[in-house]
Amino acid sequence: MAMASLSPLARALPQLPRFGFLSTAIALPAISITVPPILSDLWESVLRAVPKKKTSHMKKRHRQMAGKALKDVQGLNKCPGCGQVKRAHLLCPNCVKDIKESWKSLQTA
Amino acid sequence: MAGGGGKYRHLGRKSSHRQALLRNLVTSLFENESITTTWAKAKEAQRLADKLITLGKKNSEASRRRALEIFYKPHSIIPKLFGPLRERYAERPGGYTRVLRVEPKQKYEFYSVPKGNKNAVPERKPHDQAPSAILELVDGPKDMRFAMTARTLAHQRERGIQHLNQLTALNVRKVTRFRKDGIEVLENAISKLKISKSGPKKAEPEVKKVEASKE
């Protein structure tokens, strides 16, 4: 912070020969605009674009999960064994359950 | 398949762990004729299971030793593999196992033990809805496609539909082709289904009467 407040000072004296004690000011990035020394206090608070508030967890999660909602299951067809609706390429859960139960009853009998 | 496209699924395990998992799965498969796991595990176990049946069909001393290395319960399974299973698949040129996709279990729970802490209580976790599958030995007593085809045909005949669609016809062919007296067995299964649907309560007292008359 001390170096940042020094930088406008250094720019206000551009004609001075560059000695060792000013070398820190020279190494600073050259993005900032020349501001008169009176405004140097305002420099910190006014001119930089920074978020005012921390993004809340809810906001962040909502943003990042956008477009990732569950999709509707479209691939459906009728089970040939019982006539109920089932997902395509998968066995019908009702029939599988029935068949497994019949095997169990066979084993116990 | 992580890391440069290996020729098998790594299943998120190191080699020894994966090997142990597959041995476990295959042991259960030969013990119970049918297992339900995740689809990826079923496909990997299928490779190993088919190779084991091939060993059984070779039926040599060397193949017996190779099979002995794989199973965790060799003394109960090896006689089965080199006896009934070898005979069952004698005519079939490969394709001894089948993987069928099923809905993942809704309320399946598993226990995860936190690593490093021996005294930790296992944590209950819900199922992750991973795609599941049934791995089964074809033409066995727990052949799901056979049972499903029988159910389909019974359902159709109840409605008086004689025409088989392409898929059902294919399934009938798959299920009966190498099975001993395949069509007969399928017809029996269908007629059994019809009986159990029409009146399971009526059938039970008759059985009891027969038992009583024997005494």
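# Notebook: a predicted two-chain complex

I started with chain B, whose elements run α-α-β-α-α-α-β-β-β-β-α-α-α-α from the N terminus on. That makes nine helices and five strands in chain B; helices (H or I, at least four residues) and strands (E, at least two) are DSSP runs, numbered from the N terminus.

I noted the ground rules next. This is a predicted model, in which local features need pLDDT of at least 70 and side-chain atom pairs count only at pLDDT 80 or more, while totals for chains, interfaces and linings use all residues. Residues are numbered from 1 along each chain as its sequence is written, and chains are lettered from A and ligands numbered from 1 in the order in which they are written.

**Confidence**

I looked up the scores for the complex and found an ipTM of 0.77 and a pTM of 0.70 from the predictor. For chain B the average pLDDT is 85, and 81% of the residues score at least 70; pLDDT is the predictor's confidence in each residue, from 0 to 100. Where in chain B is confidence lowest, and where highest? Helix α9 (residues 200-214) of chain B is lowest, with a mean of 44, and strand β2 (residues 97-102) of chain B is highest, at 96. I also see pLDDT under 50 throughout residues 200-215 of chain B, a stretch for which the model has one contact beyond four places in sequence. For contacts I use this rule: the C-beta atoms of two residues, placed from the backbone, lie within 7 Å.

**Chain B as a whole**

I find two domains assigned in chain B: domain 1 (14-102 + 133-137) and domain 2 (144-203). These bounds come from an automatic or database domain assignment. The C-alpha centres of domain 1 of chain B and domain 2 of chain B are 27 Å apart.

Of the 215 residues of chain B, 23% count as buried. My cut-offs here: a residue is buried if 20 or more other C-beta atoms lie within 10 Å of its own, exposed if 12 or fewer, and partly exposed in between, with C-beta atoms placed from the backbone. Among the contacts in chain B with a separation of 6 or more, 62% join residues 24 or more positions apart.

**Two helix pairs in chain B**

I took helix α2 (residues 15-32) of chain B and helix α5 (residues 74-88) of chain B as one pair, and they pack at an angle of about 65° with their axes 10 Å apart. Axes are lines fitted to C-alpha atoms, for helices over the stretch in contact, and angles run from 0 to 180 degrees between N-to-C directions. Which residues meet between α2(B) and α5(B)? B:Thr27, B:Phe30 and B:Glu31 in α2(B) meet B:Ile77, B:Lys80 and B:Leu81 in α5(B). By class, I get three nonpolar, one polar and two charged residues in this contact of α2(B) with α5(B). For the classes, Ala, Val, Leu, Ile, Met, Phe, Trp, Tyr, Cys and Pro count as nonpolar, Asp, Glu, Lys and Arg as charged, and the others, Gly among them, as polar.

I then turned to helix α3 (residues 39-58) of chain B and helix α4 (residues 61-70) of chain B, which pack at an angle of about 150° with axes 8 Å apart. From α3(B), B:Leu52, B:Leu55, B:Gly56 and B:Lys58 meet B:Ser63, B:Arg66, B:Ala67 and B:Ile70 of α4(B). That contact divides into four nonpolar, two polar and two charged residues.

**Chain A**

Chain A has five helices and two strands, in the order α-α-α-α-β-β-α from the N terminus on. Buried residues are 9% of its 109 residues. In chain A, 22% of the contacts with a separation of 6 or more join residues 24 or more positions apart.

I checked A:Met58, which sits in helix α4 (residues 57-64) of chain A. Why does A:Met58 count as exposed? I find 8 other C-beta atoms within 10 Å, so A:Met58 is exposed. Its C-alpha atom is separated by 45 Å from that of A:Cys82, 24 residues apart along the chain.

A:Arg87 is in strand β2 (residues 85-87) of chain A. It counts as partly exposed because it has 17 C-beta neighbours inside 10 Å. Beyond its neighbours within four places in sequence, A:Arg87 is in contact with A:Val73, A:Gly75, A:Leu76 and B:Glu103.

**Where the chains touch**

Last, I looked at the interface: 13 residues of chain A are in contact with 12 residues of chain B. Helix α5 (residues 93-108) of chain A gives the largest share of chain A's side, five residues. That side of chain A divides into nine nonpolar, three polar and one charged.
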